[in-house]
Amino acid sequence: MTRKFFVGGNWKMNGDKESIDGIIAFLNQSAACGDVDVVVAPPTIYITYVKERLRAGIEVAAQNSYKVAKGAFTGEISPAMLKDLGLKWVILGHSERRHVFGEKDDLIADKAVHAIESGLDVIYCIGEKLEEREAGQTKEVNFRQLQAIVDKNLDWNHVVIAYEPVWAIGTGKTASPEQAQEVHGWIREYLREKVSDKVSNETRIIYGGSVTAENAAELAKKPDIDGFLVGGASLKPDFVKIICARS
Ligand code: PEP
């Protein structure tokens, strides 16, 4: 089974028009390399600015969306609005949404269901905190976060799972290829047991947490690592090397 390599860039709350022009320039100048899905997620306010300037072949994602289409939810955006702008992807359950903004599994799962029903594809983030890993709870935490969407019986053709250990995000402490592969393997087996062989074999599981141009190629060699979700390094020209990590 070959799963198409997937590289996402999460810009978080970074950038202004000038720096974004620089990112767009290196993305647009990059030669296509192999069969890779490339998706970048600018801050919401710059989505249209970025989408109008990026070359074909690079998709734009939102960093979040709410669980209903419209209404009295000040500050939120809906999947319907993202579709209206021509977007295909949304990141949900990022560790900063979970741990800075207090989003819980139920809410994130509801958002995922609604996004998929609205026609978006979802990058669904899961991952354990350092104290959870040290307490031997890595499997339990990741399985609990995964179970929240398994329970929803959603269309898995529209899901990419991002395994992002919280201790590796923005810290410079990347999971070793062996550590990442171990958890990716557990996730794949969990999908096999709880959903189906097909979903287990076909769902892309990408790694996020201090991925750089230097460590991407080794991580990309692991059998269950199907790409990356990249934060800090997605703002730099080296992102292009990460896109090409498996080529
Ligand atoms: C992220 O924000 O999803 C992320 C993985 O960040 P970084 O690559 O900076 O660790």
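Modeller: Fine. This is a predicted model. Val-159 counts as buried, because 20 other C-beta atoms lie within 10 Å.

Biologist: Where does Val-159 sit?
Modeller: Val-159 is in strand β6.

Biologist: And which residues does Val-159 contact, leaving aside its neighbours in sequence?
Modeller: Beyond four places in sequence, the contacts of Val-159 are Val-122, Tyr-124, Leu-154 and Thr-203.

Biologist: Is Ile-187 buried or exposed?
Modeller: Buried, because Ile-187 has 22 C-beta neighbours inside 10 Å. The C-alpha atoms of Ile-187 and Asn-142 are 7.8 Å apart, although 45 residues separate the two along the chain.

Biologist: Now α7. Which of its residues are buried?
Modeller: Asn-142, Gln-145, Leu-146 and Ile-149 are the buried residues of α7. They pack against α5, β5, β6 (159–163) and α8 (177–194).

Biologist: What is the reach of α7 from end to end?
Modeller: The 13 residues of α7 reach 18 Å from the first C-alpha to the last, close to the 18 Å expected at 1.5 Å a residue.

Biologist: What about α5, how does its span compare with what it should be?
Modeller: Helix α5, residues 105–117, has 13 residues and should span 18 Å at 1.5 Å a residue; the end C-alpha atoms are 18 Å apart, so the two agree.

Biologist: Which residues of α5 are buried?
Modeller: Ile-108, Ala-109, Lys-111, Ala-112, His-114, Ala-115 and Ile-116. A lysine, Lys-111, is on that list. The buried residues of α5 pack against α3 (79–84), β4 (89–92), β5 (121–126) and α7 (138–150).

Biologist: What follows α5?
Modeller: Gly-119, with a positive phi near 100°.

Biologist: Which residues other than glycine have a positive phi?
Modeller: Asn-153 is one of them, with a phi of about 55°. Ser-210 also has a positive phi of about 55° and is not a glycine. As background, most residues other than glycine have a negative phi.

Biologist: Where are those two placed?
Modeller: Asn-153 is in the loop between α7 and β6. Ser-210 is in the loop between β7 (204–208) and α10 (216–220).

Biologist: Are they buried or exposed?
Modeller: Asn-153 counts as exposed because it has 9 C-beta neighbours inside 10 Å. Ser-210 has 20 C-beta neighbours inside 10 Å, so Ser-210 counts as buried.

Biologist: Another loop, then. Where is Gly-127, and why does it count as buried?
Modeller: Gly-127 lies in the loop between β5 and α6 (130–134). Gly-127 counts as buried because it has 28 C-beta neighbours inside 10 Å.

Biologist: What is Gly-127 in contact with?
Modeller: Leaving aside residues within four places in sequence, Gly-127 is in contact with Ser-95, Asn-142, Tyr-163, Glu-164, Pro-165 and Val-166. The C-alpha atoms of Gly-127 and Gln-145 are separated by 8.0 Å, and these residues are 18 apart along the chain.

Biologist: Change of topic. How many residues surround the ligand?
Modeller: 14 residues, and the closest are Ile-169, Gly-170, Gly-208, Gly-231 and Gly-232. By class the shell has 5 nonpolar, 7 polar and 2 charged residues.

Biologist: And the largest nonpolar core, which members touch the most others?
Modeller: Among its 67 residues, those are Ala-61, Val-90, Ala-112, Val-122, Ile-123, Tyr-124 and Ile-242. Ile-242 is in contact with Val-7, Val-211, Ala-213, Ala-216, Phe-228, Val-230 and Ala-233, leaving aside neighbours within four places in sequence.

Biologist: Last topic, the whole chain. How many helices and strands?
Modeller: The chain has 11 helices and 8 strands. Its radius of gyration is 17 Å, close to the 18 Å that the globule rule gives for 247 residues, so the chain is as compact as a globular protein of that length. The C-alpha trace spans about 45 × 45 × 35 Å along its principal axes.

Biologist: What share of the residues counts as buried?
Modeller: 41% of the 247 residues. Of the contacts between residues at least 6 apart in sequence, 72% join residues at least 24 apart.

Notes:
Residues numbered from 1 in each chain as written. Predicted model: local features only at pLDDT ≥ 70, side-chain atom pairs only at ≥ 80, totals over all residues. Near = placed C-beta within 6 Å. Nonpolar A, V, L, I, M, F, W, Y, C, P; charged D, E, K, R; others polar. Helix = DSSP H or I, 4+ residues; strand = E, 2+ residues; numbered from the N terminus. Expected span 1.5 Å × (residues − 1). Buried ≥ 20, exposed ≤ 12 C-beta atoms within 10 Å, placed from the backbone. Contact = placed C-beta atoms within 7 Å. Core = buried A, V, L, I, M, F, W, Y, C linked by C-beta atoms within 7 Å. Rg over C-alpha atoms; globule rule 2.2 N^0.38 Å.
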